[in-house]
Amino acid sequence: MGKTILPTRKPAGSAMSNEYYKGKTAVITGGASGVGRSLAYGLGRAGANVVIGDVDANAMESIAKDLSSEGIPNRIERCDVTDKASLQSLLDASLEAFGQVDLVFANAGIGAGEAGPIWGFSEKDWQWCFNVNLWGAVNSISVFMPYLITRPERTHIIITGSGNGAYTVLPDVPIYTATKAAVHTITENLHYQVQMGGLPVVVSALFPGPHVVETGLFNSGRVRPEEFDKGVSGNETGINSVEDMKRMAEEFGFDLKTTHPDEVAEMALAGIPDGNFWLLAHTEDSMAKVQRRADMIINKTTPVPESVG
């Protein structure tokens, strides 16, 4: 397993100044590591109760100990987002522990580690990645939205997507890209339906970045279920961590920039109180990619692949 990094910074901006999160309860799927872990600390340090659902036993044990050592009220539950009954149990446990849920972060996600031509990918990679990334988001909406719309106060559902799929297409991980393209269309449609229905739920799309985020996404095989085992140790790409990716980039003379998950959490928690739909940080390079894609569609030019970074 990759090294667990304990976040030290606090979320910035309006999230702290107006004490928006104080006394609220946040549920985070995939919350024991990566961006989810940073969100848990940011929310807890801002006065929220934190409920984490995850399948990584070691990471769950670690964050339970660390949150409690800081005096952050928490509940840690095993939750498989591919199973609606497991998500319902997470909601029930949250209500049992804290009496209410105010924010839901549908954050669980994996990378299948596919490599090579699309027509050669293992069906198990397709199935596993879609089960977690796409069906995990769909199941989270199906379980939590019926509860959130009953709350008299404003509530939030934040769905973690990716710029790779939502507004650009990188050719290195087609399965992951396909799942995140679908996740974003679902998130945006949910936002429209909530708006049209006048419901008291704010829908937000969270895009970790703006660079490659330093998480365990490349080491997702550590939680690959036995039913999706394809008999391969590690990723077929040879990249099993952000460090591997950096080394490979250096070999090709490319300076790979990365983003710490704390930075993602800070950005997200600053935007949520304002009801922002787009929770993302842009760079000049990322904005240029979006513009090139828009221009390509408008002008009907032949697509060319973008680079990672």
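Helix α2 is largely enclosed by the rest of the structure, since 11 of its 12 residues are buried. The model is a predicted one, and the buried set in α2 consists of Gly34, Val35, Gly36, Arg37, Ser38, Leu39, Ala40, Tyr41, Gly42, Leu43 and Gly44. The helix covers residues 34-45 and reaches 17 Å from its first C-alpha to its last, close to the 16 Å expected at 1.5 Å a residue. Just past the end of α2 sits glycine 47, with a positive phi of about 100 degrees.

Part of the surroundings of α2 comes from helix α9, residues 261-271: the two axes come within 8 Å and cross at roughly 55 degrees. That angle makes α2 oblique to α9, and the crossing is right-handed. On the α2 side the contact uses Gly34, Val35, Ser38, Leu39, Gly42 and Leu43, and these meet Pro261, Asp262, Val264, Ala265, Ala268 and Leu269 of α9. Sorted by class, this contact holds 8 nonpolar residues, 3 polar and 1 charged. As for the spacing of such contact positions, an α-helix has 3.6 residues a turn, so residues three or four places apart point the same way.

Next comes helix α5, which packs against two other helices, α7 and α4. Two packed helices are described by the angle between their axes and the distance between the axes. For α5 (residues 123-148) and α7 (residues 174-197), the angle is about 15 degrees and the axes are 8 Å apart. With angles under 35 degrees counted as roughly parallel, α5 is therefore roughly parallel to α7. The crossing here is right-handed too. From α5, the contact draws on Asp125, Trp126, Cys129, Phe130, Asn133, Leu134, Ala137, Val138, Ile141 and Met145. The α7 side supplies Ile175, Tyr176, Ala178, Thr179, Lys180, Ala182, Val183, Ile186, Leu190 and Val194. By class, that comes to 16 nonpolar, 2 polar and 2 charged residues.

The packing of α5 with α4 has an angle of about 40 degrees, with the axes 9 Å apart. These two helices are therefore oblique to each other, and their crossing is right-handed. Here Lys84, Leu87, Gln88, Leu90, Leu91 and Leu95 of α4 meet Gly136, Asn139, Ser140, Ser142, Val143, Phe144 and Tyr147 of α5. The contact divides into 7 nonpolar, 5 polar and 1 charged residue.

Lysine 84 takes part in that α4 contact and lies in the helix spanning residues 84-98. Its relative accessibility is 45%, so lysine 84 counts as partly exposed. Setting aside neighbours within four places in sequence, lysine 84 is in contact with Asn139, Ser142 and Val143. Proline 303 is another matter: 219 residues along the chain from lysine 84, with 38 Å between the two C-alpha atoms.

Glycine 209 and proline 210 are joined by a cis peptide bond, with omega at about 20 degrees. Proline 210 belongs to the loop between β6 (201-206) and β7 (212-213). Lysine 300, in the segment after α10 (284-299), has a phi near 55 degrees, a positive value in a residue other than glycine. At 74% relative accessibility, lysine 300 counts as exposed.

How values were computed
Residues are numbered from 1 along each chain as its sequence is written. This is a predicted model: local features need pLDDT of at least 70, side-chain atom pairs count only at pLDDT 80 or more; totals for chains, interfaces and linings use all residues. Side-chain values use heavy atoms; hydrogens and water are left out. Axes are lines fitted to C-alpha atoms, for helices over the stretch in contact, and angles run from 0 to 180 degrees between N-to-C directions. Helices (H or I, at least four residues) and strands (E, at least two) are DSSP runs, numbered from the N terminus. Angles under 35 degrees count as roughly parallel, over 145 as roughly antiparallel, 65 to 115 as roughly perpendicular and the rest as oblique. A crossing is left-handed if the near helix is turned anticlockwise from the far one by less than a right angle, and right-handed if clockwise. Contact means heavy atoms within 4.5 Å. Ala, Val, Leu, Ile, Met, Phe, Trp, Tyr, Cys and Pro count as nonpolar, Asp, Glu, Lys and Arg as charged, and the others, Gly among them, as polar. The expected span of a helix is 1.5 Å times one less than its number of residues. Buried means under 20% relative accessible area, exposed over 50%, partly exposed in between (1.4 Å probe, protein chains only).
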